[in-house]
Amino acid sequence: MGKRNKWRKSMVLALALAGGLLFNTVQPIEAHAEETSQQMIDKKAKIDAEVKNLEKELDQLQQEIDQKVKVFNQVQADIKEVDAGIVETEKRIEQRSTILSERMAAYQAQDNTVGVYLSVVLEAKSFADLMDRVVAVKTLMDADQELVNQQEADKAKLEEQKATLDEKQKELQKQFQELQQKESEMEVKKAENQAKSLALKAQIATKQEEERLEAERKAAEEEAARLRALQAATPVAHVNNNNNNNSGKNNGGSKPQPIIVGSGAGTASSGDAISTAKQFLGRSYVWGGSNPTTGFDCSGLVQWSYKQAGVSLPRTASQQYLSTKRISASEARVGDLVFFSYGSGVAHVGIYLGNNTMIDAQNKGVVIESLDWWNQYLVGFGRIQ
């Protein structure tokens with residue numbers, strides 16, 4: 001019995017020692033695992049916050065662009081209102097001109113207005129009739145004078161309206177260029193922030209996800225580098241700091257040399273794209289528009305028109321520039337893309353039609369226009385490959 005008790009005590013002691021050793025071995029591992037897990041949670045929270053900051057940065061830039069779009073749209077609305085006012089004023093002037101011409105012809109047939117007055121007075125049959133005729137003639141003559149006064153007032157108003165329209169159109173052109181420039185800057189920032197965001201996310205990804213994110217990051221960085229390079233050093237054929245001067249003269253007063261542009265025949269797909277684009281002639285310009293439902297901006301019109309012809313193009317003017325083959329102006333043919341810049345980055349694009357013309361969506365809407373004025377901002381031509 002004593003031996004059995006001693007054996008039991010030995011077993012209890014052995015189990016206790018074993019338990020102590022197990023506890024001492026496992027406890028540090030569990031503590032380390034908990035610490036690593038917490039570190040990962042903290043790291044993910046920090047990275048999520050940094051990614052959100054990148055998104056906020058883009059949101060802020062987008063808000064600035066949205067505000068400019070509101071101003072642009074308001075100026076567009078102002079122009080429509082002034083245009084409508086001009087149409088009404090011109091209509092009144094035309095109607096009065098017809099009336100006054102008829103009156104003048106009647107007076108001239110009687111040699112002079114005095115003859116008309118005397119003729120009416122002398123034909124009176126009584127004193128009462130005479131008084132009625134005098135009042136009637138005076139009323140007619142006063143009415144004629146009032147018509148003349150109204151005509152002069154409307155002519156003066158028309159000149160004011162045209163001056164206002166000119167100022168509004170200049171303001172719209174300024175807003176149009178600022179918006180396009182801002183979009184070019186936004187495009188670079190988006191690519192840069194996307195690369196940063198992917199690099200941050202890769203830090204807390206699984207091995208498989210990390211490889212995918214790394215590949216996407218490299219592609220985003222390459223895109224950002226290409227856009228930055230384009231933004232920093234865009235060749236412009238003619239620079240004219242006076243954006244609203246349509247005379248073709250720069251600040252130094254010298255006239256830019258004309259650019260000799262080719263007029264080679266286009267391909268079947270370019271012909272289809274041009275036919276599609278022409279369907280929207282006169283459609284108002286819509287910032288960010290890329291289809292008939294929303295309306296079009298410059299690159300949206302180009303992308304949609306070529307998409308209908310079975311050709312896929314990127315969304316923005318800068319991306320379309322980078323995706324096309326550079327050609328000289330003299331090599332240009334119908335259907336090539338023509339690109340423009342206001343100082344940094346490619347900001348505008350149109351489809352070349354030959355004979356020094358293009359179809360594009362600009363501040364006045366979808367139009368066919370000469371390259372003459374645009375040559376001051378010309379970057380070059382691109383061929384779709």
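**Exercise 1. Around helix α6**

Find the residue just after α6 that takes a positive phi.

*Solution.* Go to the stretch just after α6. Gly 310 takes a positive phi there, about 85°. Keep in mind that this is a predicted model. Now step back into the helix. α6 covers residues 298-308. Its buried residues are Cys 298, Ser 299, Gly 300, Leu 301, Val 302, Ser 305 and Tyr 306.

**Exercise 2. Two helices**

*Solution.* Start with the axes. Helix α5 spans residues 268-278. Its axis and that of α6 come within 8 Å and cross at roughly 125°. Next, apply the cut-offs.

**Exercise 3. Aromatic pairs**

Count the aromatic pairs in the whole structure, then classify the pair Phe 340 and Trp 374.

*Solution.* A search of the whole structure gives eleven aromatic pairs. For Phe 340 and Trp 374, the ring centres are 5.0 Å apart and the planes stand at 50°, so this pair is tilted. Now place the residues. Phe 340 belongs to strand β4 (residues 337-340), and Trp 374 to the loop between β7 (365-370) and β8 (378-383), so the pair ties together parts 34 residues apart in sequence. Both Phe 340 and Trp 374 are buried.

Tyr 352 sits in strand β5 (residues 348-354) and Phe 381 in strand β8. The pair links distant parts of the chain, 29 residues apart.

Check burial against the limit of under 20% relative accessible area. Tyr 352 has 0% relative accessibility and counts as buried. Phe 381, at 1%, is buried as well.

Finally, look for a cluster. Ring pairs link Phe 340, Tyr 342, Trp 373, Trp 374 and Tyr 377 into one.

**Exercise 4. A charge over a ring**

Identify the ring under the charged end of Arg 326.

*Solution.* Look at Tyr 321. The charged end of Arg 326 sits over this ring, 3.8 Å from its centre.

**Exercise 5. Strands β6 and β7**

Describe how β6 and β7 are joined.

*Solution.* First, direction: β6 (residues 357-362) and β7 run antiparallel, joined by six bridges. Then a partner: Thr 357 bridges to Ser 370 in β7.

Terms used. Residues are numbered from 1 along each chain as its sequence is written. This is a predicted model: local features need pLDDT of at least 70, side-chain atom pairs count only at pLDDT 80 or more; totals for chains, interfaces and linings use all residues. Side-chain values use heavy atoms; hydrogens and water are left out. Buried means under 20% relative accessible area, exposed over 50%, partly exposed in between (1.4 Å probe, protein chains only). Helices (H or I, at least four residues) and strands (E, at least two) are DSSP runs, numbered from the N terminus. Rings of Phe, Tyr and Trp (its six-membered ring) pair if their centres lie within 6.5 Å; planes under 30 degrees apart count as stacked, over 60 as edge-to-face and the rest as tilted. A charge sits over a ring if NZ of Lys or CZ of Arg is within 6 Å of the ring centre and within 35 degrees of the ring normal. Two strands pair if DSSP finds at least two bridges between them. Axes are lines fitted to C-alpha atoms, for helices over the stretch in contact, and angles run from 0 to 180 degrees between N-to-C directions.
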